[in-house]
Amino acid sequence: MTFSAATIAQLAGGRVEGNAQAAVSGFGKIEEAQAGQLAFLANPKYEEYLYTTQASVVIVNESLELKQAVQATLIRVPDAYSAFAALLSQYEAMQRQMLSGREEPSFVHDTATMGNDVYIGAFAYIGKNVRIGNNVKIYPQVFIGDDVTIGDNTVLNPGVKVYHRCVLGKNVIVHAGTVIGSDGFGFAPQADGTFKKVPQMGNVVLEDDVEVGSNSTIDRATIGSTMVHAGAKIDNLVQIAHNVEIGSHTVIAAQTGISGSTKVGKGVMIGGQVGIVGHIKIGDGAKINAQSGVSKSLDNGKAVTGSPAYDYTSALRSQAVSRRLPELEKKVKELEAAIAALKAGG
Amino acid sequence: MTFSAATIAQLAGGRVEGNAQAAVSGFGKIEEAQAGQLAFLANPKYEEYLYTTQASVVIVNESLELKQAVQATLIRVPDAYSAFAALLSQYEAMQRQMLSGREEPSFVHDTATMGNDVYIGAFAYIGKNVRIGNNVKIYPQVFIGDDVTIGDNTVLNPGVKVYHRCVLGKNVIVHAGTVIGSDGFGFAPQADGTFKKVPQMGNVVLEDDVEVGSNSTIDRATIGSTMVHAGAKIDNLVQIAHNVEIGSHTVIAAQTGISGSTKVGKGVMIGGQVGIVGHIKIGDGAKINAQSGVSKSLDNGKAVTGSPAYDYTSALRSQAVSRRLPELEKKVKELEAAIAALKAGG
Amino acid sequence: MTFSAATIAQLAGGRVEGNAQAAVSGFGKIEEAQAGQLAFLANPKYEEYLYTTQASVVIVNESLELKQAVQATLIRVPDAYSAFAALLSQYEAMQRQMLSGREEPSFVHDTATMGNDVYIGAFAYIGKNVRIGNNVKIYPQVFIGDDVTIGDNTVLNPGVKVYHRCVLGKNVIVHAGTVIGSDGFGFAPQADGTFKKVPQMGNVVLEDDVEVGSNSTIDRATIGSTMVHAGAKIDNLVQIAHNVEIGSHTVIAAQTGISGSTKVGKGVMIGGQVGIVGHIKIGDGAKINAQSGVSKSLDNGKAVTGSPAYDYTSALRSQAVSRRLPELEKKVKELEAAIAALKAGG
């Protein structure tokens, strides 16, 4: 796709300075860009490159005062960085939108149905009775098990695996390698010390606007559904166990693990590498600091840190003292000696 | 597959109440089930749905006393939940059992051999000299490297990767995305600050009845075998380093990591997000609490918590005091002042 | 491939004792090896097997004194274990070197270019404008997005996913299931409590000689590049967030996570399950103990442990006292009583 400076100015809400017909078909950094590319200048320390860049069009701040002549066509906007970012984002969305049709070889069961403008990448596998909405993008090497439902505009990146009977809403994004719906970790101990697998018969539901990072794992429920409510955002390498419920617009950073049947409220912020035990309740709006170990239910809005986690402010105070423990122990010994001396003296 | 109420009652060891010829071909929750589906009622709080459900057959507790007329055929059993779970589990096992044959395209090297009733999903890759037993189910997008051996009834879920020369026993289950046999993390520091890769020449052995969750990693031994003994159960996102040995019927929760050459005994229980250093020995029946950091060998039956981990009961006591550290420090200061006053007074 | 004892002796810098024409085509442990295999004896406790082994050729230490007659041809070298390891390593490298050509079905876009001796495994996907160097080995089920560049001799193991526009140098090794270039975790909070995705427009650069383990995740930069400099070694299940920079020859053990925009220096050693917050700087040669939580920048050469992490030696001292906290608290209570008694007595 090729765009003229005039078109870009219109998209970015800016003003052209130079040749409005200058055409670009790609993006570059100002110091590396080639003819036919669009660049931007936001940070004054890169200004020197403006006078030597090969870029055909450069987005600059409204306020920029030129110190030399410039070959490139300029587009002046209030905030060059934001304007450039927005354009690049629109461009990637357009490219994704254009992804459509089925690459071969791919495997789509006869009984699967799909909407308009769906993309099925090569080596993707779509099982029996799968229902796929409009404008869904299924990248190469994705696996979708039998009886899965996927809503409009959802994007499954390369190698995502969705086990049978799971349900994904609209506008969901799942990154590469993530597994949705594998068996929960349930084993009944037997008298002889062995374990018997408890069948995991439920599924996973990801509601609308959920995003899940790469190589995360969300296990299917033993019975019923492991639920991730609308708008929740989950990072890479996160573990969500069976029968967990994650509230709307809750954010979970990388490498956190949430044990079975725990209910996390709405708008909760969970840092990286947090562990949460099973069968507890985390209140709406709670904040859990990175690497915390949460072993008890938390009230709405509660902030905690530490392992085991407790009140954030108190925990920080205790952590500060814990660094002075050797001195504290020494002082106590001195006090013992002083008292012994006082007693002897008395 | 369609089953009559009479057949289901026989499978479940129950008694039909109503039309014994009522037929079902699927499962549903009592509040959502359609005609032709089987549901169950275990929890009394859902009893109202029994009188309105569309399900054709409902499994109920022996002891249930009806308050109204019921359209569905009932099957009375001692424990409705267990009976339903067992039926669903049998049904899924039957469905898996019926998976057989080779989907195309798949890649099977000429020199690979396989038993009866094997399923090879589309986009699966089977390397040279691979030996596959009877009734093995290899889902789509699985990779099996050269010279791998896989025992009867083993199930490899979508996208599992097994490197060359690894050995998997019978009745093993590996969930999606897990990697068996990647190189151990071995690098010899060089005089110039760089690292030289130490060749990882061994393999991984998973004995019979081992289950491994999704996106876990088990590295091949430097020489010899990384061993997971019979019946061990490993959750999602677990890291098992090179030359580790995991004892029979040991259970390892999600996101735990075990460093190189450590030997874990039999029947050990390891919580989530535990870290265990290399080259130590964890005794049979030890219990390691979630998020512990184990830096020393543990005796048989030992229970530990904390990072660094030590005796469970002592550690809990210290954790309790650590929350009172600011008060403790304040008291010591007061004592110092009191003694100074006493001295001055004396 | 078959090798004579004479050839092996030459490769290993050793001396043949017995039939120099004895031929081997594989490797075995001395106690299990078959005719036509090469074994080694390094540990004296296995010496008995030397006299009964079926191996055709055995590598032994220069210094070994035979106690009985030996059927196998011996090759005497200064260090039998090292010599055997080196030979096995050379053999695996030769086998990998021989992997070449394109297995079908695979997907290679018309606009992709590649050097000599490239291997493309079945079900691998190579996008638009991908540039692949000489002798690159791309195993089955790998995904390489549009506009990716891959240098000579790089190995991508099964199922690796490389998103669009990432750059991999020469001699890079990436293990199975690892994801390079997924979106960074960036969401702008909105007034209504929802989150808006921040477009992740940058890429990931892995320089020459980098090795990354299995199922790790390295996110693309928001703008610019997430950088892993030459010779860095990264283990399994590691999370590298957007815009992070990892210095040359830094080593990162399994399950560690590094948050956005943090810069890690050269030659840093990071243990397993470490968490590092965003936007800080870790100095060259720093050492971070396993399970540490690093919340502040570290000077060059600094060693830390704990969560939150601080000076290694001080932290160990505090940890030691923390185990005696219950006794310390008890002592302080006794001192309070003693002082009260003194006061009363005075």
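**Chain contacts and the annotated site**

Between chain B and chain A, 3 salt bridges are counted in this predicted model. In a salt bridge between these chains, E329(B) is paired with R324(A), and the closest N and O atoms lie 2.7 Å apart. To the contact as a whole, chain B contributes 52 residues and chain A contributes 63 residues. The size of an interface is often expressed as the accessible area that is lost when the parts come together; for chain B and chain A, about 4,300 Å² is buried between them, with 66% of this area on carbon and sulfur atoms.

The arrangement of the copies was examined through chain C and chain A. Chain C can be superposed on chain A with an RMSD of 0.2 Å by a turn of 119° and a shift of 0.0 Å along the axis. The two copies are therefore related as by a three-fold rotation axis.

Within chain A, H242(A) is listed by UniProt, in an unreviewed entry, under "active site". This residue, H242(A), lies in the loop between β29 (239-240) and β30 (245-246) of chain A. Because its relative accessible area is 14%, H242(A) is classed as buried, the cut-off for this class being under 20%. When residues up to four places away in sequence are left aside, the residues touched by H242(A) include G184(A), F185(A) and G186(A), as well as D219(A), R220(A), A221(A) and T222(A).

Cysteines were also considered. C166(A) is buried, at 0% relative accessibility, and C166(B) is likewise buried, with a relative accessible area of 0%. A search of the whole structure gives 0 disulfides over all chains.

Key:
Residues numbered from 1 in each chain as written. Chains lettered and ligands numbered in written order. Predicted model: local features only at pLDDT ≥ 70, side-chain atom pairs only at ≥ 80, totals over all residues. Heavy atoms only, no water. UniProt positions renumbered as here; feature names shortened; annotations may be inferred. Helix = DSSP H or I, 4+ residues; strand = E, 2+ residues; numbered from the N terminus. Buried < 20%, exposed > 50% of the residue type's maximum accessible area, 1.4 Å probe, protein only. Contact = heavy atoms within 4.5 Å. Disulfide = S-S within 2.5 Å. Least-squares fit on C-alpha atoms with pLDDT ≥ 70 in both. Buried area = accessible area lost by both parts, 1.4 Å probe. Salt bridge = Lys/Arg side-chain N within 4 Å of Asp/Glu carboxyl O.
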